[in-house]
Amino acid sequence: MKPVYDECGIQIYHAHAEEVLPYVSGVDLVFTSPPYNLSGFGRKVKWGSDWVKLIDGYDTHSDDMPYPLYRGWQQHCLNLCWESLSDTGAIFYNHKPILRDGIAHLPFELNPGLPLRQVITWDRCSGFTNTKHYYTPAYEWILVMAKPGFRLSRVGASFDIWKVMPDAANKHPAPFPIELPTRAIDTGTLDEHPGGALILDPFMGSGTTLVAAKASGRRGIGIETSEKYIEMAIKRLDQGSFGV
Ligand SMILES: C[S@@+](CC[C@H](N)C(=O)[O-])C[C@H]1O[C@@H](n2cnc3c(N)ncnc32)[C@H](O)[C@@H]1O
């Protein structure tokens, strides 16, 4: 399969992640946020402005799979990501607890058994709710699943709570701020390989991970099913812009 974008070490594939991942190897860092499977219950519960954007899912993905199917899909993709990693690589998997029928589903259920090194808390410094069922969620998690050789660039490189405001300027329905992949790139030991480190985002969206990879002089691969989001990513990459 050919990339639809291939410039300065950054490649974008217009495809399903699970089609391309078996052909990717030598990855040093996966930094990704998959669809959270949120829109199915967006119809039943009235969410605040932070969530409303996702009620109809994504451009090409309805985001309302039956949960067992969703879990199997994510486990499959994580296994493929794991296979693509170098011996010192790691997967940074951004997700959060999701409440269904009053029960919290924790993203650990999506791990197919890969060695979990750490859970980073992304403190969004903000939150919104209009239900009395639970306290206002203001955080997400980043599950770090690491190969035995994965190390940080230095002792005490960062605390495991990352306080970063969401990127309100990005028009994608569920972007993460560029500070998240940038921090993972800056604090991971990624420069020991000939040709430069390779960063992968199998659920690329508006290309935040790739923009971070490019800004730090690394190579990057992004996979995305929506042409619209790919256009946003290319625009950001070509303009060197953090917003969209
Ligand atoms: C949470 S968003 C990622 C947002 C991204 N981190 C950003 O900052 O823009 C998940 C993305 O996965 C895409 N997607 C859904 N199914 C996919 C699949 N099978 N393969 C690749 N991408 C997929 C959606 O279109 C959506 O853009």
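Which residues line the largest cavity? Tyr36, Asn37, Tyr67, Tyr70, His95, Lys96, Ile98, Arg100, His105, Leu106, Pro107 and Leu110 do. A cavity here is a set of points, on a 1 Å grid over the protein atoms alone, where a 1.4 Å probe fits but cannot get out, and a lining residue has an atom within 4 Å of a point. Keep in mind that this is a predicted model, in which local features need pLDDT of at least 70 and side-chain atom pairs count only at pLDDT 80 or more, while totals for chains, interfaces and linings use all residues. Residues are numbered from 1 along each chain as its sequence is written, and side-chain values use heavy atoms, with hydrogens and water left out.

Back to that cavity. Its volume is about 70 Å³, where a volume is the space filled by probe spheres set on grid points that are joined across faces, edges and corners. The structure holds two cavities of 30 Å³ or more. Helix H4 (67-84) and strand E5 (98-100) each give at least two residues to the lining of the largest one. Sorted by class, that lining has seven nonpolar, three polar and two charged residues (Ala, Val, Leu, Ile, Met, Phe, Trp, Tyr, Cys and Pro are nonpolar, Asp, Glu, Lys and Arg are charged, and the others, Gly among them, are polar).

Now step back to the whole chain. The protein chain has seven helices and 11 strands, which are DSSP runs numbered from the N terminus (helices are H or I with at least four residues, strands are E with at least two). Its radius of gyration is 17 Å, close to the 18 Å that the globule rule gives for 244 residues, so the chain is as compact as a globular protein of that length; the radius is taken over C-alpha atoms, and the rule is 2.2 Å times the number of residues to the power 0.38. Along the principal axes, the C-alpha atoms fill a box of roughly 55 × 40 × 30 Å. Of the 244 residues, 50% are buried, meaning under 20% relative accessible area, with exposed set at over 50% and partly exposed in between (1.4 Å probe, protein chains only). Take the contacts (heavy atoms within 4.5 Å) between residues at least 6 apart in sequence: 74% of them join residues at least 24 apart.

A pocket is an open set with protein on both sides within 12 Å along at least five of seven lines. This one is lined by 27 residues, and Pro35, Phe203, Met204, Gly205 and Glu224 lie nearest its centre. Helix H1 (17-20), H6 and E11 are the elements that give two or more residues to its lining, which by class has 14 nonpolar, 10 polar and three charged residues.

Over in helix H5 sits Thr187, which counts as buried because its relative accessibility is 12%. Leaving aside neighbours within four places in sequence, Thr187 is in contact with Leu152, Ser153, Ala157 and Ser158.

Finally, a look at backbone angles. Most residues other than glycine have a negative phi. Asp63 is not a glycine, yet has a positive phi of about 60°. Asp63 lies in the loop between helix H3 (49-52) and H4, and at 0% relative accessibility Asp63 is buried. Cys125 also has a positive phi, near 60°, and is found in the loop between strand E7 (116-123) and strand E8 (139-146). With a relative accessible area of 38%, Cys125 is partly exposed. Not counting residues up to four places away in sequence, Cys125 touches Ala138, Lys163, Val164 and Met165. The C-alpha atoms of Cys125 and Leu152 are separated by 25 Å, with the two residues 27 apart along the chain.
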